[in-house]
Amino acid sequence: MPEQLSRISSQSNKQVAIALAIHLVGFALGYISQGLVLQGFATLDSGLVRLAPAGDVLYVLGLIIIVALAARRGVPLRYFVVAGAIMGIGLFYKAAAHEIHVYSGLAFGLPHPVHIGIGSVVITASVVALTVLSITTSRRQLSARTRNTSR
């Protein structure tokens with residue numbers, strides 16, 4: 001029985017790793033393509049810009065899978081609330097117009113491309129934190145089940 005639980009946990013860890021990889025690939029594609037255009041290093045006619053929508057899809061898909069797997073593994077709700085609040089802050093910087101940043105007083109004198117980058121990084125940091133919480137919660141549950149079955 002403990003071997004079977006270990007195998008299930010190992011398979012689940014692979015799913016989490018794949019979801020995180022999907023999210024990070026989307027992050028890289030979006031960050032690079034949008035960043036190069038917003039900084040003026042690439043034009044809108046370059047082929048790199050065409051990767052941005054695919055990067056955004058992978059970015060969001062990885063985020064959704066991580067949240068679903070974390071919920072399935074039993075990560076406590078309080079961690080989801082904190083992660084959601086952090087993702088909301090990241091979404092504010094990534095998606096809102098620059099005027100909203102300025103008028104809210106949260107622009108910090110930074111240009112808009114920097115806000116987009118900060119938002120992407122903050123969201124990704126929250127996804128990585130949920131991934132770590134998911135893996136540690138799964139390990140704790142596995143060790144508790146193993147102790148209970150050995151008694």
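This is a predicted model: local features need pLDDT of at least 70, side-chain atom pairs count only at pLDDT 80 or more; totals for chains, interfaces and linings use all residues.
Tyr93 counts as buried, because its relative accessibility is 9%. The two rings have their centres 5.1 Å apart and their planes at 70 degrees, so the pair is edge-to-face; the angle has to be over 60 degrees for that label.

A search of the whole structure finds two aromatic pairs. Besides the pair of Phe92 and Tyr93, there is a stacked pair formed by Phe27 and Tyr59. Its ring centres are 6.4 Å apart, with 25 degrees between the planes. Phe27 lies in helix H1 and Tyr59 in helix H2, so this pair ties together parts that are 32 residues apart in sequence. Tyr59 is buried, because its relative accessible area is 6%.

The table sets out the two pairs.

| Pair | Centre to centre | Angle between planes | Type |
|---|---|---|---|
| Phe27 and Tyr59 | 6.4 Å | 25 degrees | stacked |
| Phe92 and Tyr93 | 5.1 Å | 70 degrees | edge-to-face |

Helix H2 also holds Val60. Val60 counts as partly exposed, because its relative accessibility is 43%. The C-alpha atoms of Val60 and Phe27 are separated by 9.1 Å, and the two residues are 33 residues apart along the chain.

The next topic is the nonpolar core. The largest nonpolar core has 16 residues. Within this core, the residues with the most contacts are Ile66, Met87, Val127 and Leu130. At least two residues of the core come from each of helix H1 (2-38), helix H2 (51-73), helix H3 (77-95) and helix H5 (112-150). H2 gives the largest share, five residues. In soluble globular proteins, nonpolar side chains tend to be buried together.

Ile66 can be followed through its contacts. Not counting residues up to four places away in sequence, Ile66 touches Val16, Ala19, Leu20, Val127, Leu130 and Thr131. One of these, Ala19, has its place in helix H1. Ala19 counts as buried, because its relative accessibility is 1%. Leaving aside neighbours within four places in sequence, Ala19 is in contact with Gly62, Ile65, Ile66 and Leu69. The C-alpha atoms of Ala19 and Ile65 are 5.9 Å apart, although 46 residues separate the two along the chain.

A charged residue is considered next. Lys94 has its place in helix H3. Lys94 is buried yet has no salt bridge. The nearest side chain of opposite charge is that of Asp56, 4.3 Å away. The side chain of Lys94 does make a polar contact, at 3.3 Å, with the side chain of Ser120. Apart from neighbours within four places in sequence, the residues in contact with Lys94 are Gln34, Asp56, Tyr59, His115, Ile116, Gly119, Ser120 and Ile123. Among them is Tyr59, the residue of the stacked pair with Phe27.

Phe108 is in the loop between helix H4 (98-104) and H5. Phe108 counts as exposed, because its relative accessibility is 62%, over the 50% needed for that label. The phi angle of Phe108 is near 55 degrees, a positive value in a residue other than glycine.

Methods:
Residues are numbered from 1 along each chain as its sequence is written. Side-chain values use heavy atoms; hydrogens and water are left out. A nonpolar core is a set of buried Ala, Val, Leu, Ile, Met, Phe, Trp, Tyr and Cys residues joined through side-chain atoms within 4.5 Å. Buried means under 20% relative accessible area, exposed over 50%, partly exposed in between (1.4 Å probe, protein chains only). Helices (H or I, at least four residues) and strands (E, at least two) are DSSP runs, numbered from the N terminus. Contact means heavy atoms within 4.5 Å. Lys and Arg count as positive and Asp and Glu as negative; His and the chain ends are not counted. A salt bridge is a side-chain nitrogen of Lys or Arg within 4 Å of a carboxyl oxygen of Asp or Glu. A polar contact is a pair of N or O atoms within 3.5 Å; within protein, one must be able to donate a hydrogen and the other to accept it, and residues adjacent in sequence count only if both atoms are side-chain atoms. Rings of Phe, Tyr and Trp (its six-membered ring) pair if their centres lie within 6.5 Å; planes under 30 degrees apart count as stacked, over 60 as edge-to-face and the rest as tilted.
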